[in-house]
Amino acid sequence: MQQPEPRFFKSIGGLHGVSCVFPKFRDVIDYEENKIAVLQAYPRFVTHPIIKLHENSYKRKFKATGAISFHSYESAVFFTIDFLFKKESKIYFDEGLPREICSILNEKFPDVIEESDSNDAEYLILNSQEGKFPHAIKGKKLIGLLGSQNLNESATNLKFEILIIHDIDNDIGIILFFGFRYLMLTILRRHIGFNVSSRKMCRRNRIPKELYDKYELHLKENISNLEHGKSENCFLYPSGMAAIFISIFSILSKNKSKIIALGSLYVDTIRILERWPKNYDLSETIFIHDDIIDNLKKNIDDNTAGVIIEIPSNPLIQLVDVEKIIEIAHSKNAKVIIDNTVATPYNFNPFDYGADIIVHSTTKFLSGKNNHIGGALLLNDDELSNKIERFNNLINISMPFDDLKTLTRNLRTFEERMKKINSNSEEVAEFLYSHKKIKKIYYPSLETNPSYELFKKYLKGGSGLISFVLKESTEENAEKFYDNLLPPILKGPSLGSEKSLLCPYVILAHFEDSKEELEQLGFDFYLMRLSVGIEPVEKIIYSLNHALEFVI
Ligand SMILES: Cc1ncc(COP(=O)(O)O)c(C=O)c1O
């Protein structure tokens, strides 16, 4: 297989930036076709060069096939056990962390796996602080947990499938795998979002716990105030996906085993919903795209753990009748999870309508500067909150100190930014709507939008995401449009920043999907997604108008 050519595109957001400029449309296609590799981009997708160096040094030292870094050692261990925790797996769990994680999984999902003794098991998960492992383990797949950075000499000849290292200096976990069948772990980490923060890797000294707690509490109070929630029931994470994964994981159990997803959802949320319930031998997720209320009524039952929605959905900017959905869900004792990343608490407060769980990718509008990645989870339920806190402590997951600080600083301008983003977006949407070379535009405050009535009922403003399709939606036209965009619009993925960002979203997020899958999701392959920033609106419109002149 040919190796992709490494390319360094300009980072958007600096050393710890979460996006990069893809200068040409062709670059986006080449990236998706694996012809080029970008060196710094969205951190869950592209490992930061500082972290990559570190992963590579472990890979060399232990002669592994691959190395994947994790937010913490404990989260790496959870991730591995969760990966193996499937029907018919026969696993021996050693004392300590493996047993504790296994007992949480067994409590929630009994009967999925059989805990085996070490003779009977296919996998042995062995826990060692000093790097010593028992000799002569034959015919077993060996997963070694190394609570330190070095393997004892006596264990160097053992054939591990996976070795999990606690990099104590940086307080992170490293999963080393031996053999290509574990390559997919890299993608699964992207979905679950337990990534290492590049800021954390740059820090040389440890933060005293009291100082961390003080900053964390302050940020939790800020976000809880914005969302009309309680800071005791607010949790912060290294990514939005970690918040989403934990919210879904926390409500699933054997007796409440079904999730219903309404409308179009962010791609990695879909991936989690496709994979994890199946993993735990639960009901498959029901995805509903049309006749939302009727189909929800038809599909919901006592077994439903939760209903998940985005307000508005990304990228089709659809709204749903939140009040009705909450009423239907609660009638069956199901929780309602609302991803409020796009609307933001400036425009909408789900708790005011009785939602149970709010999740945020704080990477987006809450941060607004492309220089932070993180997530927040807020709950309206003390009991569930206690369970999540226990789980967070077990897997040692939180938002790293420097990301907390960056977000706290960026939040100071949140309301000002959102006010401008709302008003700029309305003007840009009106411009695109009336342009003859645009076939379709998705923005909720347009009177022609199917969600307009719901917009008036629920939202203070339409927020910053506008998706649109060119009149003649062909590769040639998409390329002409994209290549001729001018500043201030930056041509990069991500959303929610004070800088306008545009990307061919479906190509970036759904490149591998079949035509039928795209049709079912309602996506045009060349759909453009614009995240409007706070620049003078006439400049944003000038850039779009200029690019549209090149389009047939
Ligand atoms: C609506 C929405 N939710 C969640 C996420 C995931 O957040 P993060 O990238 O911070 O993990 C995204 C990412 O684009 C998103 O658009």
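This is a predicted model: local features need pLDDT of at least 70, side-chain atom pairs count only at pLDDT 80 or more; totals for chains, interfaces and linings use all residues.

Tutor: Ile 175 sits in strand E11, which covers residues 172–177. Leaving aside residues up to four places away in sequence, Ile 175 touches Ile 68, Phe 70, Ala 76, Thr 80, Ile 162, Ile 164 and Leu 185. Arg 204 is another matter. Arg 204 is 29 residues from Ile 175 along the chain, and their C-alpha atoms are separated by 22 Å.

Now the ligand. There are 16 residues around the ligand, and Ser 239, Gly 240, Met 241, Ser 361 and Thr 363 come nearest. By type, the shell holds eight polar, five nonpolar and three charged residues. Helix H8, residues 240–251, gives the largest share of this shell, with three residues.

H8 also packs against another helix. Its partner is H9, residues 267–279. Two packed helices are described by the angle between their axes and the distance between the axes. For H8 and H9, the angle is about 30° and the axes are 10 Å apart. The crossing is right-handed. On the H8 side, the contact uses Met 241, Ile 244, Phe 245 and Ile 248. On the H9 side, Asp 268, Thr 269, Ile 272, Leu 273 and Trp 276 meet them. Seven residues of this contact are nonpolar, one is polar and one is charged. Met 241 links the two topics: Met 241 is among the residues that come nearest the ligand, and Met 241 also takes part in the contact with H9.

Note on methods
Residues are numbered from 1 along each chain as its sequence is written. Helices (H or I, at least four residues) and strands (E, at least two) are DSSP runs, numbered from the N terminus. Two residues are in contact if their C-beta atoms, placed from the backbone, lie within 7 Å. A residue is near a molecule or strand if its C-beta atom, placed from the backbone, lies within 6 Å of it. Ala, Val, Leu, Ile, Met, Phe, Trp, Tyr, Cys and Pro count as nonpolar, Asp, Glu, Lys and Arg as charged, and the others, Gly among them, as polar. Axes are lines fitted to C-alpha atoms, for helices over the stretch in contact, and angles run from 0 to 180 degrees between N-to-C directions. A crossing is left-handed if the near helix is turned anticlockwise from the far one by less than a right angle, and right-handed if clockwise.
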